Amino acid sequence: IEWRLNERDISKDPNFKRIGQGPISTLVVTPSDSRFYGTYKCVAKNIHGEVFHKIILSEAHVPSEVLQALLDVVTATTITFSFQGPSSTGGRPLKAYQVQYKHSMKQWPEAQNKTWAINSPYILEGLMPQTTYNFRFAAINEVGSSNWAAPQTVLMPKRSFPEEPKILNTLQPEVKYAVSPYHDRFELSWRIPPDNGEPIDRYDIKYCPVQKVNNEWVETDASCTTLEHRSLEVTSYDLLYLQADTFYKVEIRAHNIIGFSVPGQIVMKTARVDGGIYGEQVKDSSSVISSFQTLLVFFVPPLLPYLRWH
């Protein structure tokens, strides 16, 4: 086995360490300058001929500058960003984005930093309402960080009512509503929304029976129910004593000292009742029949002697 760099034989070059001459050979390269970069060729020979394999070794660099930082969502205390990444990743995959931010009256040495892994939510929290901030951004790979770029200046909104709670229950893709596995209850779950500068003190949950009229969900004559949920750490709530095989529209609103959020909404359907007890998950009817048949087979044999005795 021979090794070549840019078609130059390096088998005896002291700048390279070769381990083994065949059938396995390893070339150890420690690039100290640009001469070590290029196209390496491993050539294997025997009496019947030769084959080769090429390997390109190039020098990695830090990424180029972030082209643009976009403000996707701005609340009184948070900003969600998205990025138009650098034109060059420096030859290695991007690992993270970084933001440096400061109060507009301060200098950059006093700035704070936050780093996000690639493809994570790029959310910056803990900002002050009605405050002007300066932002600048960098991209990071294994080599290091790009120059700061894509500057932004943002005046944060004033304190306000919370953002809309994000409901996490899964919708059935074909019908666009959630389905409860139970005939008499439904577990509503949600994500805590930004509070917009004032702490959330409760959630109001309202649910009403509905039916579809002209492709719209319309409340029936049945009354709605409104509940208060004050456990701020628990982001789920069981709606109990529901009617079986019924559609409900569920709304949840977050509240702080300023007021209520826009409601998060979902339509859900309870399961059909099938002789189960309260709170029991509805089972497939075939399994109920099977259990019943097994019960009959078990109890019939003891009765046969009694019948013959008469």
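Colleague: What share of the contacts in the protein with a separation of 6 or more is accounted for by residues 24 or more positions apart?
Modeller: This is a predicted model. Among contacts with a separation of 6 or more, residues 24 or more positions apart account for 61%.

Colleague: How many helices and strands does the protein have?
Modeller: The predicted chain has 310 residues, and 34% of them count as buried. Its elements are one helix and 22 strands.

Colleague: Is Ala 76 buried or exposed?
Modeller: Ala 76 is found in the loop between β7 (68-74) and β8 (79-84). Buried means under 20% relative accessible area. Ala 76 has a relative accessible area of 1%, so this residue is buried.

Colleague: Why does Ile 257 count as exposed?
Modeller: Ile 257 has its place in the loop between β21 (247-255) and β22 (264-269). Exposed means over 50% relative accessible area. Ile 257 counts as exposed because its relative accessibility is 69%.

Colleague: Which residues make the nonpolar surface patch of about 390 Å²?
Modeller: The accessible surface of the protein comes to about 19,600 Å², and 53% of this belongs to carbon and sulfur atoms. The patch is made by Phe 161, Ile 257, Ile 258 and Val 262.

Terms used
Residues are numbered from 1 along each chain as its sequence is written. This is a predicted model: local features need pLDDT of at least 70, side-chain atom pairs count only at pLDDT 80 or more; totals for chains, interfaces and linings use all residues. Side-chain values use heavy atoms; hydrogens and water are left out. Helices (H or I, at least four residues) and strands (E, at least two) are DSSP runs, numbered from the N terminus. Buried means under 20% relative accessible area, exposed over 50%, partly exposed in between (1.4 Å probe, protein chains only). Contact means heavy atoms within 4.5 Å. Accessible areas come from the Shrake-Rupley method with a 1.4 Å probe; for residues, only the protein chains shown count as cover. Patches are made of residues with over 30% relative accessible area and no salt bridge: like charges are joined within 9 Å, nonpolar side chains (Val, Leu, Ile, Met, Phe, Trp, Tyr) within 5 Å. A salt bridge is a side-chain nitrogen of Lys or Arg within 4 Å of a carboxyl oxygen of Asp or Glu.
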